[in-house]
2 protein chains.
Amino acid sequence: MKKIIIDIYGSDLGPLSVIKGAQLILDHYDDIGLVLVGDKELINKNIDNERIEIIDTKEYIDNLDDIFNAFFKKQNASLVLASKRLKEDDNCIGMISPGNSGALLIGGLVNLLKEGVNRPCIAAILPAENGGYVCLVDCGANTDCNAIQLHEFAKFGQELMRNLYKIDNPRIGLLSIGKEDSKGNRLVKDTFVLLSEDKSLNFVGNFEGNDALSGECDVLVCDGFNGNQILKVTEGTARRIIHDIAKYSKENNIDNSELLNHLANVYDFSTLGGGIILGIKKPIIKCRGNSNETTYLNTASMLINMLNNKSLYDRKK
Amino acid sequence: MKKIIIDIYGSDLGPLSVIKGAQLILDHYDDIGLVLVGDKELINKNIDNERIEIIDTKEYIDNLDDIFNAFFKKQNASLVLASKRLKEDDNCIGMISPGNSGALLIGGLVNLLKEGVNRPCIAAILPAENGGYVCLVDCGANTDCNAIQLHEFAKFGQELMRNLYKIDNPRIGLLSIGKEDSKGNRLVKDTFVLLSEDKSLNFVGNFEGNDALSGECDVLVCDGFNGNQILKVTEGTARRIIHDIAKYSKENNIDNSELLNHLANVYDFSTLGGGIILGIKKPIIKCRGNSNETTYLNTASMLINMLNNKSLYDRKK
């Protein structure tokens with residue numbers, strides 16, 4: 001039986017939310033096993049299923065740890081044990097964790113790096129304005145990058161969108177502060193040259209923040225610091241406007257409930273499945289810290305669909 | 001008579017939109033003169049007022065020019081002539097331009113730099129979620145910064161918010177990818193140390209993109225590349241949601257027009273007045289390229305209010 005590894009630590013909502021997510025996965029898929037990494041007693045108290053296996057540990061890497069040192073010193077941290085198991089067990093098809101992005105990246109880098117790859121990155125697949133999807137690389141893992149890495153991220157994104165959505169020649173865009181070729185900081189200008197020169201890429205030029213998710217490119221390349229800003233500024237703005245709509249609707253006695261539900265679904269990226277680590281041999285998917293139990297089910301579906309080479313996931317109605 | 005210098009070149013909508021804006025300013029203020037820098041024939045054809053003076057030139061610096069070289073080579077470019085006049089003429093109280101941010105910054109740096117300042121920056125005053133205002137520094141001028149510059153931007157922002165809004169001890173926030181002190185890229189981590197150590201600043205820590213405009217800090221510090229992303233991703237998300245609301249309202253025959261007007265006003269940052277160059281002796285205000293004629297009037301009001309030490313401007317209803 002194929003198994004998915006789930007690290008129960010790192011969620012803002014505590015490990016129970018992850019365990020509840022695991023239960024949803026078991027309920028939804030009857031041919032998948034889970035390897036849960038975390039406190040055995042807690043897990044056994046809350047889940048009872050013959051398709052689970054537990055790797056018992058109470059140690060974890062949190063957001064305050066010095067990530068590089070923590071990964072190598074905390075050999076019993078859930079995330080470290082999980083990535084080792086993923087490497088060693090051919091039945092394990094992938095891993096899901098709400099843990100620290102940097103540590104997950106190191107886990108992939110140390111245990112599962114593909115030959116010839118410089119740095120793995122994390123991709124997020126986001127709903128675009130035109131109804132399609134945009135693959136954002138890097139969405140938060142590598143906060144300091146060079147142009148060679150950003151060029152590599154473009155190629156990872158190209159491969160992902162080709163496999164998942166059957167887009168023959170994904171359009172690659174570069175996040176900048178103007179559409180003109182000459183606009184950007186040093187990193188963007190250097191990357192622009194590399195992307196332009198690589199004839200295997202369908203590079204369509206610079207994109208500004210207001211068109212980042214327009215859908216006019218299939219892959220948007222940026223460093224992880226900026227990728228994180230795109231995700232969070234979009235969410236923050238949506239949260240604020242949704243609040244405005246709710247207030248207005250109440251004050252004016254107008255029924256905008258369907259609209260509000262729609263917006264909450266599209267712009268709550270935490271439910272979208274999760275970020276996919278690229279550049280490694282098996283999928284590791286990072287869920288946002290505020291993910292709820294449904295997110296873990298969506299993420300498992302994404303992982304299973306990725307392996308079946310089907311569409312990554314269906315956008316929520 | 002006090003005069004404001006207006007550079008008519010650099011607008012995405014062409015120089016006529018700026019000239020119309022100048023007319024609005026003259027209509028609104030009867031005790032202010034304007035120095036218009038641009039094509040004399042075009043200006044004279046479209047505006048007839050004894051309170052204008054024209055500096056005749058058809059040369060300008062556009063977004064495609066190599067800005068540093070262009071500023072020094074194109075000695076008759078509108079923006080170059082305007083910043084020289086601002087330096088030399090005591091009756092000129094400030095300057096407004098929709099031109100290239102980088103070139104405006106150089107104009108300030110070359111002609112009007114305050115003693116002891118390392119690099120000027122551009123501040124945007126944005127409407128916050130809690131009803132107040134956030135001063136975003138740098139909002140797009142300096143794409144590559146070091147920690148010393150970001151520390152300086154924090155001090156400029158502190159001074160601006162103190163003068164304009166009478167906030168005794170403005171709260172300074174630093175844009176990062178997590179609230180924890182340890183989160184960020186190298187630049188943010190270095191800046192965190194400098195801001196923490198400066199006891200003259202009320203530094204309140206890191207802010208993530210989703211809380212950038214919450215209003216929990218009065219000044220948000222970041223480099224110009226990220227500042228530009230905050231502005232544009234916020235605008236892009238708002239544009240998208242406003243479109244969703246309009247579509248839903250039409251399909252369901254619901255009157256959300258008042259809500260739509262409100263959102264369009266709050267999130268169209270191009271009408272907000274403009275970015276203020278800080279670190280120089282007299283105000284230079286950069287209007288966004290897509291500014292309409294009303295923006296130029298709002299900007300002139302902001303400039304006049306700044307000098308009167310009144311509230312920067314009243315948020316549009």
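Let's start with a pair inside chain A. Glu251(A) and Lys247(A) form a salt bridge, 3.7 Å from N to O. The term means a side-chain nitrogen of Lys or Arg within 4 Å of a carboxyl oxygen of Asp or Glu. Why do Glu251(A) and Lys247(A) sit about one helical turn apart? Because they are four residues apart in helix H8 of chain A. Helices here are DSSP runs (H or I, at least four residues; strands are E, at least two), numbered from the N terminus. Over all chains, the salt bridge count comes to 25.

Some ground rules. This is a predicted model, where local features need pLDDT of at least 70 and side-chain atom pairs count only at pLDDT 80 or more, while totals for chains, interfaces and linings use all residues. Residues are numbered from 1 along each chain as written, chains are lettered from A and ligands numbered from 1 in the order written, and side-chain values use heavy atoms, leaving out hydrogens and water.

Now the confidence. pLDDT is the predictor's confidence in each residue, from 0 to 100. Chain A averages 91, and 96% of its residues score at least 70. Which residues of chain A stay under 50? Residues 310–317 do. Where pLDDT is low, the predicted coordinates should not be read in detail. For the complex, the predictor gives an ipTM of 0.84 and a pTM of 0.84.

On to the interface. The buried area is about 4700 Å², with 54% from carbon and sulfur atoms. That is accessible area (1.4 Å probe) lost when the two parts are put together, summed over both. Ile177(A), Phe225(A) and Arg240(A) supply 16% of what chain A buries against chain B, more than any other three residues.

How many salt bridges link chain A and chain B? Seven. One of them joins Lys232(A) to Glu208(B), with the closest N and O atoms 2.2 Å apart.

Last, the symmetry. A rotation of 180 degrees, with 0.0 Å of shift along its axis, superposes chain A on chain B at an RMSD of 0.0 Å. The two copies are thus related as by a two-fold rotation axis. The same surface serves both copies: 100% of chain A's contact residues recur in chain B.

Methods
Contact = heavy atoms within 4.5 Å. Least-squares fit on C-alpha atoms with pLDDT ≥ 70 in both.
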